[in-house]
Amino acid sequence: MIKKLLFSALFMMALATVAAQNVQLHYDMGGAIYGDDMARRPQLTSTVEMFRPDKWGSTFFFVDMDYNSSGVASAYWEIARELKFWKPAVSIHVEYNGGTSNQFSYKNAYLLGLTYTFANKTFTRGASLTASYKYIQEHPSPSNFQLTGTWYLHFGRNGLCTFSGFADWWREKTYYADGTHRNFIFIAEPQFWVNLSKIKGVNSKFKLSIGSELELSNNFGGRKGFYAVPTLALKWSFD
């Protein structure tokens, strides 16, 4: 499972003095829902994220690690840089993706594109769109493209709840076990969090959130067709 939480960087880059890090733990229910089709899918995934702005833009990265009874089954990371030397809400986007897995291979991918970001004045909601050229190293058809949409919404008393997520759609010719192939891949991961530090009477420094993620995918991760996999999750945020 991949937690691509780039939305946190895309929106926070508007706050030039803010930095953020968090650690997440997700319990994956794909095996329980899809049975043998996902029998080997790891049930636990940890995610470490960091976002750091500066006067030239911002840097964001995350590292995912999937665990089974034998230990780490896969590792994946992304690092992205937004470059912005002007006032308009458009930035240059540079990104790398890569990793390793016991079940399938993550090929090195390099992206270059443009990001448009919108946020309201109080930064309680926002959205962004990134269009990128995507080069997949050692792929028979390495030149591709990717579209990424992201959103976030803080709501409830003092921002008690957060609804956020991303959606990726890209071209990548992929062959499957039955000999057929597909040319496009889609994945989206909406998340819902309850931020416990926003509850009256809870210490504001108790940065634990509880929530869920729903991984929606089509032709992703070596599996042909559409899947919807929920998780139960915990997140600790660092100031």
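1. The side chains of D28 and R41 meet in a salt bridge, 2.9 Å from N to O. A salt bridge here is a side-chain nitrogen of Lys or Arg within 4 Å of a carboxyl oxygen of Asp or Glu. D28 is in strand β1 (residues 20-28), and R41 is in the loop between α2 (30-34) and β2 (44-54), 13 residues apart. Helices (H or I, at least four residues) and strands (E, at least two) are DSSP runs, numbered from the N terminus.

2. The model is predicted: local features need pLDDT of at least 70, side-chain atom pairs count only at pLDDT 80 or more, and totals for chains, interfaces and linings use all residues. Residues are numbered from 1 along each chain as its sequence is written, and side-chain values use heavy atoms, with hydrogens and water left out.

3. R41 has a salt bridge to E215 too, at 3.4 Å from N to O. E215 lies in strand β12 (residues 208-218) and R41 in the loop between α2 and β2, so this pair ties together parts 174 residues apart in sequence. Are these residues buried or exposed? D28 is buried at 2% relative accessibility, R41 at 11% and E215 at 1%. Buried means under 20% relative accessible area, exposed over 50%, partly exposed in between (1.4 Å probe, protein chains only).

4. The structure holds four salt bridges. One of them joins K224 and D178, with the closest N and O atoms 2.4 Å apart. K224 is in the loop between β12 and β13 (226-238), D178 in the loop between β9 (161-175) and β10 (181-188), 46 residues apart. K224 is partly exposed at 28%, and D178 is partly exposed at 49%. Salt bridges that share partners join D28, R41 and E215 into one network.

5. Aromatic pairs number 15. Rings of Phe, Tyr and Trp (its six-membered ring) pair if their centres lie within 6.5 Å; planes under 30 degrees apart count as stacked, over 60 as edge-to-face and the rest as tilted. F62 and Y76 form a tilted pair, 6.0 Å centre to centre with 40° between the planes. F62 lies in strand β3 (residues 57-68) and Y76 in strand β4 (residues 71-83). F62 is buried at 0%, and Y76 is buried at 9%. Ring pairs link F60, F62, Y76 and Y106 into a cluster.

6. Two charge-over-ring contacts deserve a look. The charged end of K134 sits over the ring of W170, 4.1 Å from its centre. R223 lies over the face of Y227, 5.2 Å from the ring centre. The rule: NZ of Lys or CZ of Arg within 6 Å of the ring centre and within 35 degrees of the ring normal.
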